[in-house]
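Welcome, and please have your viewer ready. We will go from one selection to the next, with a short note on what to look for at each stop.

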Amino acid sequence: MAEVTGTIVGGLLATVGAVFGMNYWALVVQTLVRDVVFLVTLLRVTGLPVLAWSRAALRQTAGFSRNVFGSQLLGFASSNSDNMLIGWRLGKEALANYALSYRMLMLPVQILSQTANRLVFPIFSRLNDEPARQVRYFLSVTTTLSLIVTALMTLVSLGAPLWIPLV
């Protein structure tokens, strides 16, 4: 509810701002309002967090965080190396065309994966004590998403001769 409310309020204010000539600042307003509404709604529902310090928790979190940070850093480098190479060798115009095309191609995948993450993470968290069920659910979700993405990417590939000139 917090996310949906923030998105709606931010979108409405950004639209009003754009109508009244805020130009690109309307997008800044949208992002800030969305995040503030999300935070305020979340804090009203859950209350203020209690700040506490624990060396054991810090050690446990740091070990996990270090691995996640390394994984994210490698993922960032691998997913942006093509952009760096195209920008360096072919220039900013070619990079802009490539980036827009790639974004259009990946949009269905990103929307599905974000939605799946928001829906599936709480379920997996509740199943921490049941690893066998966790594995079954993970395989089921992964298989379903793979089928959907494959079908969407096939449609994109088949429709490319029509859609690319149009877009």
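A patch here is built from residues with over 30% relative accessible area and no salt bridge, where like charges are joined within 9 Å and nonpolar side chains (Val, Leu, Ile, Met, Phe, Trp, Tyr) within 5 Å. A salt bridge is a side-chain nitrogen of Lys or Arg within 4 Å of a carboxyl oxygen of Asp or Glu, and accessible areas come from the Shrake-Rupley method with a 1.4 Å probe, where for residues only the protein chains shown count as cover.

You are looking at a predicted model, in which local features need pLDDT of at least 70 and side-chain atom pairs count only at pLDDT 80 or more, while totals for chains, interfaces and linings use all residues. Residues are numbered from 1 along each chain as its sequence is written, and side-chain values use heavy atoms, with hydrogens and water left out.

**Stop one: the surface patch.** Select M22, Y24, W25, V28 and L32: together they make a nonpolar surface patch with about 530 Å² of accessible area. M22 sits in the loop between α1 (2-19) and α2 (25-46); helices are DSSP runs of H or I, at least four residues, and are numbered from the N terminus. Because its relative accessible area is 33%, M22 is partly exposed, a class that lies between buried (under 20%) and exposed (over 50%), using a 1.4 Å probe and protein chains only.

Now pick N23, in the loop between α1 and α2. N23 is not a glycine, yet its phi is positive, about 55°. Most residues other than glycine have a negative phi. N23 counts as exposed because its relative accessibility is 57%.

**Stop two: α3.** Show residues 55-90, the 36 residues of helix α3; at 1.5 Å a residue they should span 52 Å, and the end C-alpha atoms are 50 Å apart, which agrees. The expected span is 1.5 Å times one less than the number of residues. Centre on N80 for a kink of about 40°, the bend being the angle between axes fitted to the seven residues ending at a residue and the seven starting there. G91 follows α3 and has a positive phi, near 100°.

Go to N128, between α4 and α5. Its relative accessibility is 54%, so N128 counts as exposed.

**Stop four: α5.** Which residues of α5 are buried? Select Q134, M153 and G159. The buried residues of α5 pack against α4 (92-126), with contact meaning heavy atoms within 4.5 Å. Finish at A160, where α5 has a kink of about 70° shortly before the proline P161.

Definitions and conventions. Helices (H or I, at least four residues) and strands (E, at least two) are DSSP runs, numbered from the N terminus.
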